[in-house]
Amino acid sequence: MAAEFLSNEVTRGEARMHTLFRVAEGLASKLRSVFVPYFQQLVDPAVQALEFMPSDSQTPKRRKKHEDMELVEAALVGVRVLVDTLGGFLTPHLPQLLRLVLHPHALEQPTAVALRELLPQKLPARVLLPPLRTAWAECPSAAAAAAHLELLASTLQDPATVKAQHVGVMEFLLEVLDLRSAPGAFDLEGVQLVEGAAVALIGIERRLDAPRNARRYARQTLTRMGRTGAYTQAGKTSAADGALPASLWQLRTQVVLAYGQCFAHDTVQFLDKARFDALLPAIVAQLEAVPPSGGGLPGPEAAQEPVVPCLVNMAVAAGADTLWKPLNHAVLLCGRSQHPRTRLLALEVTVALVQRLQEEFLILLPETLPTLSELMEDSEEAIESKCQELLELLEQVSGEDLKSMLG
């Protein structure tokens with residue numbers, strides 16, 4: 001049978017191997033389940049063919065790039081027929097099959113893309129998820145990992161499937177998020193990869209309606225994010241003005257966004273005092289962080305900086321003045337920073353807190369007024385203007401004339 005010869009043909013003539021793949025494809029479509037024992041003999045040489053392909057910087061005399069791609073395409077077409085025809089019979093061969101369709105040389109091949117779309121249609125999630133999780137650790141590149149996550153997302157389109165597989169899915173996605181806790185492992189592409197995983201994680205969390213599942217999800221997610229926060233807080237700067245590298249700035253921004261989402265949807269009172277105390281320093285540190293563009297004053301968009309709604313959501317989720325006080329104190333200390341950007345962001349947080357807490361903020365008024373009084377004389381016009389806005393807002397909420405208290 002043709003499949004029996006393929007494993008011996010990888011390094012021989014491309015035309016012969018191409019023909020053998022086509023023969024194997026035809027036999028698979030006709031013999032169906034009878035062909036299952038020979039499946040590995042088709043997939044193995046296909047993977048070997050990919051491994052033998054040279055990198056873009058190599059130009060071996062015996063093989064041209066377009067000939068290699070034709071060979072790989074022939075292998076993929078044969079494998080696609082088998083998957084389409086045999087479906088669940090191929091379960092024992094899934095690890096090698098995933099290695100084939102997620103190989104860097106095959107990622108953009110149309111048939112490989114079609115195969116990744118076909119697998120969730122032919123195999124149930126309970127069968128596909130375990131080898132997917134195993135294959136994650138072997139992804140050789142960020143592009144392969146991105147394709148891996150796209151395949152996972154396709155597997156989890158059915159809410160009933162997500163609910164049935166929520167434990168394994170949750171553990172896998174949290175394993176993906178652990179990429180963030182590895183210092184030095186992030187470039188821009190890697191950060192974007194983790195962002196994609198976080199988006200998928202949020203979408204899956206919304207499909208889980210059991211409170212006990214939400215509690216477990218929140219606990220594991222924030223524990224890992226806490227480790228990430230400690231890492232990002234200690235990130236090294238790359239410029240004389242203290243500006244962070246672009247990749248680290250983007251990572252920190254996405255972590256703060258994720259914190260804010262967790263706080264905004266914390267309906268299980270997960271943010272207790274211990275977790276609040278652990279997370280607060282890492283989040284407040286973002287007020288003092290200098291973006292890659294430098295430490296200049298942001299424009300009207302300052303209120304939309306992710307750290308502003310994050311701290312407000314954190315205060316609301318905490319729901320107690322005993323926790324509001326250390327948060328407000330940390331923000332007020334940033335109001336005395338030597339960096340105008342930090343001072344302005346601290347004021348934005350205070351304004352947002354007053355708008356959200358209304359009369360409940362008045363318990364924080366005595367310690368807020370001294371810092372406000374200092375900033376009223378700031379040399380930066382934008383900061384002075386924001387102080388006026390805050391003063392008017394506080395007078396509106398309190399019903400008192402506070403100007404006389406500012407000295």
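In the protein chain, residues 24 or more positions apart account for 73% of the contacts that have a separation of 6 or more. The model described here is predicted, and its secondary structure comes to 19 helices and 0 strands. Of the 407 residues in the protein chain, 50% are buried.

**H16 against H17**

- Helix H16, which covers residues 321-334, packs with helix H17, which covers residues 340-357, at an angle of about 150°, and their axes lie 7 Å apart.
- Angles over 145 degrees count as roughly antiparallel, and H16 and H17 are therefore roughly antiparallel to each other.
- On the H16 side the contact is made by Trp324, Leu327, Val331 and Cys334, while H17 contributes Thr342, Arg343, Ala346, Val349, Thr350, Leu353 and Leu357.
- Sorted by class, the residues of this contact between H16 and H17 divide into 8 nonpolar, 2 polar and 1 charged.

**H16 against H18**

- H16 also packs with helix H18, which covers residues 365-375, at an angle of about 5° and with the two axes 10 Å apart.
- Because angles under 35 degrees count as roughly parallel, this angle makes H16 roughly parallel to H18.
- The residues that meet here are Lys325, Asn328, His329 and Leu332 in H16 and Glu367, Thr368 and Thr371 in H18.
- By class, the contact of H16 with H18 has 1 nonpolar, 4 polar and 2 charged residues.

**The second largest pocket**

- The second largest pocket has a volume of about 250 Å³, and of the 13 residues that line this pocket, Leu98, Arg99, Ala135, Glu138 and Cys139 are the closest to its centre.
- Helix H5 (94-101) and helix H7 (125-136) are the elements that give two or more residues to the lining of this pocket.
- Divided by class, the lining of the second largest pocket consists of 8 nonpolar, 2 polar and 3 charged residues.

**Residues within helices**

- Val351 is found in helix H17, and with a relative accessibility of 3% this residue counts as buried.
- Apart from its neighbours within four places in sequence, Val351 is in contact with Lys386, Glu389, Leu390 and Leu393.
- Val351 and Leu394 are 43 residues apart along the chain, and their C-alpha atoms are separated by 8.8 Å.
- Pro281 has its place in helix H14, which covers residues 273-288, and at 43% relative accessibility Pro281 counts as partly exposed.
- The C-alpha atoms of Pro281 and Ala330 are separated by 8.2 Å, although these two residues are 49 residues apart along the chain.

**Residues in the loops**

- Ser337 is found in the loop between H16 and H17, and this serine is buried, with a relative accessible area of 13%.
- When its neighbours within four places in sequence are left aside, Ser337 is in contact with Thr342 and Arg343, and both Thr342 and Arg343 also belong to the H17 side of the contact with H16.
- Ser337 and Leu287 are 50 residues apart in sequence, while the distance between them in space is 9.9 Å from C-alpha to C-alpha.
- Gln358 is found in the loop between H17 and H18, and at 31% relative accessibility Gln358 counts as partly exposed.
- The backbone of Gln358 has a positive phi of about 55°, although this residue is not a glycine.
- Ser379 is found in the loop between H18 and helix H19 (381-398), and this residue is exposed, with a relative accessible area of 72%.
- Ser379 and Pro340 are 39 residues apart in sequence and 9.3 Å apart in space, taken from C-alpha to C-alpha.

Technical notes:
Residues are numbered from 1 along each chain as its sequence is written. This is a predicted model: local features need pLDDT of at least 70, side-chain atom pairs count only at pLDDT 80 or more; totals for chains, interfaces and linings use all residues. Side-chain values use heavy atoms; hydrogens and water are left out. Axes are lines fitted to C-alpha atoms, for helices over the stretch in contact, and angles run from 0 to 180 degrees between N-to-C directions. Helices (H or I, at least four residues) and strands (E, at least two) are DSSP runs, numbered from the N terminus. Angles under 35 degrees count as roughly parallel, over 145 as roughly antiparallel, 65 to 115 as roughly perpendicular and the rest as oblique. Contact means heavy atoms within 4.5 Å. Ala, Val, Leu, Ile, Met, Phe, Trp, Tyr, Cys and Pro count as nonpolar, Asp, Glu, Lys and Arg as charged, and the others, Gly among them, as polar. On a 1 Å grid over the protein atoms alone, a cavity is a set of points where a 1.4 Å probe fits but cannot get out, and a pocket is an open set with protein on both sides within 12 Å along at least five of seven lines; lining residues have an atom within 4 Å of a point. Grid points are joined across faces, edges and corners, and a volume is the space filled by probe spheres set on the points. Buried means under 20% relative accessible area, exposed over 50%, partly exposed in between (1.4 Å probe, protein chains only).
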